[in-house]
Amino acid sequence: MQPQEKLIDIYDRLLAHYGPQSWWPAETPFEVMVGAVLTQAASWTNVEKALTNLKCADALSSEAIREMPMPDLASLVYPSGYYNSKARKLKALCDYLHERYGDDIDKMARRPTHELRIELLNVHGIGDETADDILLYALEHPIFVIDTYTRRLMHRLGIAAQDARYSELQALFMSDLPPNAKHFNEYHALIVRHSVAVCKKKPECADCSILDICPAGASNAQINPSQ
DNA sequence: GGCCAGGACACCA
DNA sequence: TGGTGTCATGGC
């Protein structure tokens, strides 16, 4: 099976099993951006607590985060871990939004994808994955997010090496699938949904068998278009 | 008590 | 360019 067929097959199976996910779990594009930073190396349950803290403090806005003293912001995002680092990252993100776009996210979204990506990567605390989270889920640009779940799944399916570079994995999806933000959104959301659902202690469970994966059997797969 | 979880930065060779 | 240490909480 060619890579394109394999990727489409995986998508079809996940969609058939889990149904449409309609991600990201947030009420506004700005909340998506904040969540993308807070979820760095953290479980989503902890991120939800931090987001709830920000909402309860009426601090889930670019202006509020910019004006809030660092210790106060750090205490609000405390449950998501790395609270000092993440408070600094959120302030850097909000400074960028304000200085570059006057906090107008619609205006920001109208910029070309590749230019936005470069801008975002120049903001402190925003790397490849966080930039792509923001581009896809907050701004609805057609770009595929490669996270730990995606990386692990691709490795287990024999599509990519475990240590494959971010750009390599992203190119795999971007070159083999049509550039459609809705599909990229749904596909990545399904991968996350599946990864969270997969039972680590029972490799034989139904969620694992959806994709014919043996979770314990990490292969020596390499990125190879001929596979 | 130890391990793991949807990263990114700073520093060094 | 790639490897390593650091940042830190919460669940199991």
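Here's a quick briefing on the domains, a helix pair and the DNA-facing surface of this predicted model. Local features need pLDDT of at least 70 and side-chain atom pairs count only at pLDDT 80 or more, while totals for chains, interfaces and linings use all residues. Residues are numbered from 1 along each chain as its sequence is written, with chains lettered from A and ligands numbered from 1 in the order in which they are written.

**Domains**
- Chain A splits into domain 1 (3-21 + 146-209) and domain 2 (29-138), with bounds from an automatic or database domain assignment.
- Their centres, taken over C-alpha atoms, sit 25 Å apart.
- In domain 1, 6 residues are in contact with 4 residues of domain 2 (C-beta atoms, placed from the backbone, within 7 Å).

**Helix pair H10 and H12**
- Helices here are DSSP runs (H or I, at least four residues), numbered from the N terminus.
- H10 (residues 148-156) and H12 (residues 181-197) pack at about 80 degrees, axes 9 Å apart; axes are lines fitted to C-alpha atoms over the stretch in contact, and angles run from 0 to 180 degrees between N-to-C directions.
- That makes H10 and H12 roughly perpendicular (65 to 115 degrees).
- From H10, Tyr149, Thr150, Arg152 and Leu153 meet His188, Ile191, Val192 and Ser195 of H12.

**Around DNA strand C**
- Residues surrounding DNA strand C include Ala41, Thr45, Asn46, Tyr82 and Tyr83 (near means a C-beta atom, placed from the backbone, within 6 Å).
- H3 (44-56) and H6 (83-101) each supply at least two residues of that surface, and H6 has the largest share with 3 residues.

Note on methods: Parallel < 35°, antiparallel > 145°, perpendicular 65-115°, else oblique. Contact = placed C-beta atoms within 7 Å.
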